[in-house]
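Dear colleague,

I am passing this structure on to you, and I would be glad if you could look through it alongside the notes below.

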Amino acid sequence: MTRRMDLKVDYAFKLLFGTQENEPILRAMLNALLKLPKDDRIASLTILNSELLREYETDKQSVLDIYARTEKDEYINIEIQLADKYDMKKRTLYYWSRIYSSQLKKGSISYGEMKKTITINILDFDLLQETDRYHSTFRLYEDEEKFLLTDVLEVHFVEMPKLLRLWEQQAVNLEENEKERWLLILEADDREDIRRELEAIAMKDPVMKKAFDQWEDLSRDEKTWIEYETRKKAIHDELSAAREAEIRQQRAREEGLAEGRTEGERQKATEVAKNLLAMDMTVEVVAKATGLSLEEIEKLKKQLH
């Protein structure tokens with residue numbers, strides 16, 4: 001079997017979807033993901049951050065997203081996240097605000113001329129506990145009557161584990177669902193069942209065929225593969241460090257609680273011992289009843305007299 005890059009690794013994702021050469025692939029994915037009607041689909045995209053030559057070895061913290069502008073001057077940012085390392089909800093609003101406000105710096109435009117900004121977060125983890133749906137879209141609506149304040153804000157969360165659970169339940173039809181085809185290609189590197197169905201569809205879909213061909217070519221290139229593996233290792237190291245830090249914090253919390261419980265239990269035993277001593281119980285009986293040592297009981301007895 002031909003080795004293929006994991007497209008959920010941001011470096012590989014950007015190689016396939018984030019270059020102007022592969023603009024038709026990104027456009028097909030976005031039209032499916034945004035569920036745009038046929039008469040209002042994205043006709044063309046300009047990739048705004050197509051530079052790929054970066055020193056991944058020394059830039060492990062880099063966030064490699066895709067930033068594009070449509071022919072209507074609408075802005076789209078796509079981000080891949082393998083783990084919930086940060087506050088994802090607030091973080092996506094921060095990215096949205098940066099992109100939206102940057103329009104004012106591009107020329108002498110007014111607020112009324114500012115265009116829609118869309119952020120899409122493709123997540124390899126469950127984020128929204130409120131829903132089992134794998135794709136959730138958020139906009140600005142009035143609380144009671146639900147009318148739209150403005151269409152300039154649009155935020156998407158795509159939770160891949162939820163989609164995979166639907167696939168395992170055989171609740172996904174790739175022949176009929178264009179969006180799920182483009183999302184599940186991200187899982188097809190090591191899922192032969194998914195890849196087989198997608199390859200069959202690609203025989204009838206020229207853009208999907210182009211995506212598979214480009215994906216295979218990139219995976220065969222040794223220099224590209226080395227850079228991919230370097231980035232993949234950096235991500236793995238970063239996630240491992242984050243998990244270890246979380247484990248250490250959890251242990252510290254547990255140890256702190258244990259120490260708190262121990263101290264609290266000691267104070268309670270001391271109060272019981274004082275009460276028993278006040279009732280003229282012997283030191284031996286009080287020690288046995290409270291678990292405190294004879295020496296500790298003797299000290300308490302002296303304090304009471």
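Predicted model: local features only at pLDDT ≥ 70, side-chain atom pairs only at ≥ 80, totals over all residues.

I begin with strand S4, which covers residues 117–123 and is mostly covered, since seven of its seven residues are buried. The burial holds for both faces of the strand: on one side lie Thr117, Thr119, Asn121 and Leu123, on the other Ile118, Ile120 and Ile122, and all of these are buried. Strand S4 also has neighbours with which it pairs, as strand S3 (residues 75–81) runs parallel to it and is joined to it by seven bridges, while strand S6 (residues 148–159) likewise pairs with S4 in the parallel sense over seven bridges.

Helix H2, made up of residues 23–33, is largely enclosed by the rest of the structure, because nine of its eleven residues are buried. Among them are Ile25, Leu26, Met29 and Leu30, together with Glu23 and Asn31. Just after this helix comes lysine 35, which takes a positive phi of about 50°.

Although arginine 4 and glutamate 216 are 212 residues apart along the chain, their C-alpha atoms are separated by 6.4 Å, and their side chains are joined by a polar contact of 3.3 Å. Leaving aside residues up to four places away in sequence, arginine 4 touches Asp189, Arg195, Glu199, Trp215, Glu216, Ser219 and Trp225.

Asparagine 49 can be read in the same way, and its place is in the loop between strand S1 (45–47) and strand S2 (66–70). Its relative accessibility is 10%, which is under the 20% limit, and therefore asparagine 49 also counts as buried. The residues that asparagine 49 touches, again not counting those up to four places away in sequence, are Lys14, Asp65, Ile66 and Tyr67. Between the C-alpha atoms of asparagine 49 and glycine 18, which lie 31 residues apart along the chain, the separation is 7.8 Å.

With kind regards

How values were computed
Residues numbered from 1 in each chain as written. Heavy atoms only, no water. Buried < 20%, exposed > 50% of the residue type's maximum accessible area, 1.4 Å probe, protein only. Helix = DSSP H or I, 4+ residues; strand = E, 2+ residues; numbered from the N terminus. Pairing = 2+ DSSP bridges. Contact = heavy atoms within 4.5 Å. Polar contact = N/O pair within 3.5 Å; in protein donor to acceptor, adjacent residues only side chain to side chain.
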